[in-house]
Amino acid sequence: MQNFNNQYNFRVDNQIKLINLLKNGQQSINYLAEKLDLSFTAVSKIVEQLISYNVLKKVNIKNHTKKRGRLPVLVKINTSVGVTCAIDLSSTDLVVSLNTLTEKVIVSKKIPNVLFVTEDELKKISEVINELLKAPEVEKRPLLGICIASPGIINKDTEQLHIAFRLQALVNTPVTTYFFNKFNAPTHMYNDVKTACIGEMVYGNIPQNAKNYLFIHVGGSVGAAMVFGGKLYQGKSGYSGEFTNYVEEAGGSTARNRLLGFWAIEDYVYKHDPSIMIKPHNDSTSNLKVLMEEYKKNNPVVLDAIDELAKQNAIQFIAYNDFLDLEYIVIEGSIALFKEKYQASLTKYINELDMAPFNAKILFSSLEGEATHVGAIYCATRNYFLNRLEEITIDRSSTGNYDISEAFSDSI
């Protein structure tokens with residue numbers, strides 16, 4: 001529940017809602033007042049204030065056909081002030097994009113086939129950002145903020161990597177500081193699955209009125225994010241849901257996570273039919289291609305492997321649902337390539353093994369592998385607006401020390 005203990009919190013809440021309504025394009029003040037359930041006068045004041053700080057701007061109405069009465073006042077987000085950057089490290093193809101303040105991609109570029117991310121990759125990403133900033137489409141707009149979506153366990157307060165299999169070389173490295181120093185733009189880094197959950201929440205298959213659900217990535221790695229009461233659950237230390245295939249232990253050894261992922265299919269196939277050219281836990285892109293070819297041929301070993309994974313996941317989903325009383329369990333990741341078999345087996349085992357009614361609805365991501373990227377775009381944009389609204393509120397308040405986190409957190 002939002003903490004609205006002063007007038008500034010109410011004002012910022014309405015400002016955020018108004019900006020969100022304008023992300024899909026220009027709107028009239030009458031429309032905004034209706035959607036916000038505020039008076040025309042109140043919305044006009046909000047709009048005028050945001051215009052005075054270059055957050056919004058009025059739209060010139062040309063060749064309007066209305067012959068009588070007052071012409072509608074149209075406003076839109078001022079996208080000319082700058083762009084945001086989203087960096088997606090979740091797969092072996094790193095993605096960098098520059099985006100408008102209405103969350104539209106302007107230009108993007110991939111850095112392909114990166115298994116381990118090191119400082120060399122950070123330099124390449126910096127070079128890509130500089131290259132994209134020079135693109136004609138960007139129109140020399142400044143960079144306003146950066147959001148990095150990264151696999152691994154990330155300290156919520158310092159935003160440093162704590163455990164990250166593909167980014168071991170960067171553990172305890174101030175990655176956000178690196179990009180801030182390079183571009184003088186506020187930089188944030190979040191767990192990639194949590195970022196994907198935000199992307200799915202805003203743009204994907206999760207109903208907007210859903211309040212309690214589990215978002216699970218089942219791919220070459222596994223991860224989860226939990227939403228309770230409409231908010232992403234962080235846990236005491238901010239690590240909630242940040243599962244990983246490899247958990248670092250005191251002796252330096254590793255242990256597999258109990259939430260079975262795509263590697264379980266690789267293991268099963270490798271053990272039961274060595275003639276299928278699978279290299280467990282190595283070159284996952286190549287493994288995926290091989291398994292897809294065999295899946296299309298209805299290879300019984302591959303079908304059995306998917307069935308076994310679905311059975312194990314069904315047991316876990318039943319436990320999660322019984323304990324948490326969820327509305328939805330949302331699945332994304334490369335397992336979606338085997339969706340027909342996996343979903344059928346998952347449904348079968350849930351029906352067979354659950355002793356109580358399984359009320360959660362199983363959904364698959366509708367974003368076709370783009371959930372993390374669009375989530376990073378959304379977070380970069382939202383962070384910019386929250387920072388800007390804090391600056392405006394401090395400027396206009398008598399105290400001069402308004403902290404937006406008093407009532408609003410960032411997207412993650």
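This briefing looks at one strand with its neighbours and at one helix pair. The model is predicted, so local features need pLDDT of at least 70 and side-chain atom pairs count only at pLDDT 80 or more, while totals for chains, interfaces and linings use all residues. Residues are numbered from 1 along each chain as its sequence is written, and side-chain values use heavy atoms, leaving out hydrogens and water.

**Strand E16**
- Five of the five residues in strand E16 (residues 328-332) are buried, so the rest of the structure largely encloses it; buried means under 20% relative accessible area with a 1.4 Å probe, protein chains only.
- Strands (E, at least two residues) and helices (H or I, at least four) are DSSP runs, numbered from the N terminus.
- In a regular strand, side chains alternate between the two faces of the sheet.
- Here both faces are covered, with Tyr328, Val330 and Glu332 buried on one side and Ile329 and Ile331 buried on the other.

**Its partners**
- E16 pairs in the parallel sense with strand E11 (residues 213-218) over five bridges; pairing takes at least two DSSP bridges.
- Ile216 sits opposite Ile331 of E16.
- On to strand E17 (residues 361-364): E16 pairs with E17 over four bridges, again in the parallel sense, and Tyr328 stands opposite Lys361.

**Helices H1 and H11**
- Helix H1 (residues 7-22) packs against helix H11 (residues 371-396) at about 140 degrees, axes 11 Å apart; axes are lines fitted to C-alpha atoms over the stretch in contact, and angles run from 0 to 180 degrees between N-to-C directions.
- Contact (heavy atoms within 4.5 Å) involves residues including Tyr8 and Ile16 of H1 and Phe385 and Leu389 of H11.

How values were computed
Buried < 20%, exposed > 50% of the residue type's maximum accessible area, 1.4 Å probe, protein only.
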